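Biologist: I am new to this structure. Could you walk me through it, beginning with the pocket lining?

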Amino acid sequence: MVKHIILWTLKEELSGTEKESVKKGIKESLEALQGVVPGLLDIKVIIDGRLDSSNADVMLYCTLESEEALKGYAVHPAHVAAANAKVRPFTAVRSCIDFKI
């Protein structure tokens, strides 16, 4: 199995209200991939409870069956559509770590 963890920092020019709306959109669109993308076992997007010591705004963590499933997730049309509509236009920084468990 593989863990896929992403941290995003939203664009500074977004207002507080816009950031809240964007975070909700990211969460809804990515968590909707559960049961859609083959090999995606679980997916969670954390948008609440952020402490002041944090330097990222949103975290995604998911578990996939294998490295091949991770590669399929990356190009799956539903994932690409969610990323292009709800994530990429609003994020300034993306950090990723993938590892076998």
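Biologist: How do the residues of the lining of the largest pocket divide into nonpolar, polar and charged?

Modeller: Keep in mind that this is a predicted model. The largest pocket is lined by 16 residues. They divide into 10 nonpolar, 3 polar and 3 charged.

Biologist: How much space lies in the largest pocket, and which residues are the closest to its centre?

Modeller: The space in the largest pocket is about 250 Å³. Of its lining residues, the closest to the centre are I6, W8, H79, R88 and R94.

Biologist: Which element gives the most to the lining of the largest pocket?

Modeller: Several elements give two or more residues to this lining: β1 (2–10), α2 (67–75), α3 (77–87) and β4 (91–100). One of them gives 4 residues, the most. That element is β4.

Biologist: Now the overall build. What pattern does the protein follow along the sequence?

Modeller: The protein has 3 helices and 4 strands. Read along the sequence, they follow the pattern β-α-β-β-α-α-β.

Biologist: Over how many bridges does β1 pair with β3, and over how many with β4?

Modeller: Both pairings run in the antiparallel sense. With β3 (residues 58–64), β1 pairs over 7 bridges. With β4, β1 pairs over 9 bridges.

Biologist: Which residues stand opposite H4 in β3 and in β4?

Modeller: Take the β3 side to begin with: the bridge partner of H4 there is C62. L7 also has a residue opposite in β3, namely M59. Turn to β4, and the residue opposite H4 is D98.

Biologist: Why does the radius of gyration agree with a compact globule?

Modeller: The C-alpha atoms fill a box of roughly 40 × 25 × 20 Å along the principal axes. For 101 residues, a compact globule would have a radius of gyration near 13 Å. The protein agrees with that, because its own value is 13 Å.

Notes. Residues are numbered from 1 along each chain as its sequence is written. This is a predicted model: local features need pLDDT of at least 70, side-chain atom pairs count only at pLDDT 80 or more; totals for chains, interfaces and linings use all residues. Side-chain values use heavy atoms; hydrogens and water are left out. On a 1 Å grid over the protein atoms alone, a cavity is a set of points where a 1.4 Å probe fits but cannot get out, and a pocket is an open set with protein on both sides within 12 Å along at least five of seven lines; lining residues have an atom within 4 Å of a point. Grid points are joined across faces, edges and corners, and a volume is the space filled by probe spheres set on the points. Ala, Val, Leu, Ile, Met, Phe, Trp, Tyr, Cys and Pro count as nonpolar, Asp, Glu, Lys and Arg as charged, and the others, Gly among them, as polar. Two strands pair if DSSP finds at least two bridges between them. The radius of gyration is taken over C-alpha atoms; the globule rule is 2.2 Å times the number of residues to the power 0.38.
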